[in-house]
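Good morning, colleagues. Please look at the display.

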Amino acid sequence: MDWGTDLWDQYDHIDKHTQCGLDLVDRYIKFVKERTEIEQSYAKQLRSLSKKYAKRGSKEEQDCKFSNHASLQEILNELNDYAGQRELIAENMMTGICVELTKYLQELKQERKTHLSDAKKAQQMLESSFKQLESTKKRYSKEWAEAEKASQQVEKIESDLNATRLDVEKAKQHAHSRTHTAEECRNDYAAQLQRYNKDQNLYYYSEIPLIFNKMQDMDERRIRRLAEGYCQFSDIEKKVLPIITKCLEGISSAGLKINEKQDSILFIEQHKSGFERPADLEFEDYTQGIKPATSDSSLNPPKVRAKLWPFSKKNKPLPAEDFSHLPPEQRKKKLQAKIDDITKELQKTQDQSDALEKMKGVYEQNPQMGDPSSLEPQISETAQNSGRLRGELVKYETWLSEAVGGEESSNAINNNSQHGVGAADQSQSIYTEFDDEFDDVESPVGQCTALYTFEGNSEGTISITEGELLSIMEDDKGDGWMRVLRASGEEGYIPSSYVKLAP
């Protein structure tokens with residue numbers, strides 16, 4: 001069954017049906033656009049929510065050491081990645097459905113307009129042929145009536161006794177002329193009727209069926225393309241479901257990481273003062289005269305009991321450089337942390353000094369690469385920094401010795417010394433290989449592996465394939481994107497959730 005055969009006389013219904021189909025495509029495009037707007041708004045709100053509840057500041061950074069605080073931060077990070085996937089859904093729907101269907105809709109409108117125009121032209125030609133037929137038919141009818149009238153006039157004159165022979169001949173000639181004209185009109189009418197029937201058969205059996213079948217094919221193509229658009233609406237979201245699922249699993253994993261016992265232990269370590277509990281007060285017998293109360297309390301002198309450390313909130317002592325304002329346990333932790341920081345800084349300075357000396361040696365062997373004397377100010381500055389840091393390290397180790405006592409202090413100092421030496425030995429390998437060229441290039445901040453294939457269609461993005469090893473040139477700044485470098489040298493942005501960071 002086809003439109004040309006079964007709907008040859010339903011031009012108006014075909015016109016209305018095809019227009020309704022185009023209107024449906026336009027409605028679907030508008031529907032998808034509104035869906036993308038909802039997705040974008042949802043993603044924006046999720047990002048704002050994640051940013052609003054993210055930890056900031058030194059106190060909050062300290063709280064993040066607790067597993068329940070850290071897990072919330074992980075959840076917020078996963079939620080931020082989840083928002084990025086919602087944005088990706090919106091972008092793919094806009095480009096894959098709205099843009100493509102809008103372009104296809106314009107092509108269908110133009111095609112439909114052409115088919116309807118062809119049908120109207122064929123109809124106008126048939127109507128023109130019919131008008132010519134009617135015209136020749138009317139003329140034939142008129143001329144035949146005149147010929148009949150002329151023939152009747154001849155009979156009337158012949159029966160009239162007063163009519164002359166000349167009148168009879170004259171009437172016969174007139175009747176013969178009218179009859180001849182009527183015969184010519186009859187032949188013209190017959191020829192025009194034949195032409196019209198031919199045009200009518202061509203119109204109903206060839207032209208209109210061909211046009212209507214083309215419109216049927218156009219409508220069926222529209223339906224098939226619209227069906228593909230419906231499937232895309234689901235498939236686009238299905239493609240990112242693995243990553244969305246991974247984000248949700250990350251949220252669940254963050255909840256499972258919480259260790260309430262470990263958090264309690266960490267809280268104790270952070271705030272344990274190291275003081276002994278105060279001993280009982282002795283009875284003061286005023287009958288024997290005023291006798292000062294004595295106590296075996298470790299809080300010396302006992303008079304301080306009115307301002308016991310754990311309960312003191314007012315008149316808080318000012319911070320001291322040696323952390324003597326802190327309780328013993330907290331003071332030791334702070335001093336140890338300070339020593340660790342100075343040790344790391346000292347090692348970094350020593351590494352810089354070694355690098356400068358190495359560079360100076362290269363310049364001395366290859367003068368064309370640079371002037372060795374130009375490095376002297378930097379070498380001198382580095383040496384001064386090393387001396388200053390060593391002095392601070394000795395100072396804080398002395399304070400730590402006072403805080404923990406002789407043997408404990410010496411163990412701590414030995415551990416730090418061994419740590420410093422070990423770090424120095426380890427760092428030596430960094431400078432064993434020294435390039436002869438000092439190009440000012442940007443170094444990668446890490447490595448990662450692509451978990452999924454990503455097609456970089458937008459400006460500034462690049463395409464990656466699953467399993468590909470990438471160099472991270474710029475970390476995610478909180479917007480769900482990072483800048484990476486491929487092995488081919490191609491550089492651009494990709495979604496952060498599409499890769500796994502190398503350990």
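I shall begin with the nonpolar cores and then turn to the aromatic pairs. Please bear in mind that this is a predicted model.

The largest nonpolar core has 39 residues, and I97, L470 and I494 touch the most other members. At least two residues each come from α2 (11-52), α4 (67-159), α5 (165-256), β1 (446-450), β2 (469-474) and β3 (481-485). The most is given by α4, with twelve residues. Leaving aside residues up to four places away in sequence, I97 touches Y28, V32, N92, T102, G229, Q232, F233 and I236. Another core, of 17 residues, lies apart from the largest one; A119, A122, C185 and I208 are among its residues.

Now to the aromatic rings. Searching the whole structure gives 15 aromatic pairs. In one of them, F66 and F267, the ring centres are 6.5 Å apart and the planes stand at 45°, so this pair is tilted. Because F66 is in the loop between α3 (58-63) and α4, and F267 is in helix α6 (residues 260-271), the pair ties together parts 201 residues apart in sequence. Is F66 buried or exposed? Its relative accessibility is 9%, under the 20% limit, so F66 counts as buried. F267, at 45%, is partly exposed.

A second tilted pair is formed by F130 and Y196, with 5.3 Å from centre to centre and 55° between the planes. Here F130 belongs to helix α4 and Y196 to helix α5, 66 residues apart. F130 is partly exposed at 36% relative accessibility, whereas Y196 is buried at 11%.

Finally, Y28, F31, Y230 and F233 form one aromatic cluster; Y28 and F233 are also among the residues that I97 touches.

Conventions. Residues numbered from 1 in each chain as written. Predicted model: local features only at pLDDT ≥ 70, side-chain atom pairs only at ≥ 80, totals over all residues. Heavy atoms only, no water. Core = buried A, V, L, I, M, F, W, Y, C linked by side-chain atoms within 4.5 Å. Buried < 20%, exposed > 50% of the residue type's maximum accessible area, 1.4 Å probe, protein only. Helix = DSSP H or I, 4+ residues; strand = E, 2+ residues; numbered from the N terminus. Contact = heavy atoms within 4.5 Å. Phe/Tyr/Trp six-rings, centres within 6.5 Å; stacked < 30°, edge-to-face > 60°.
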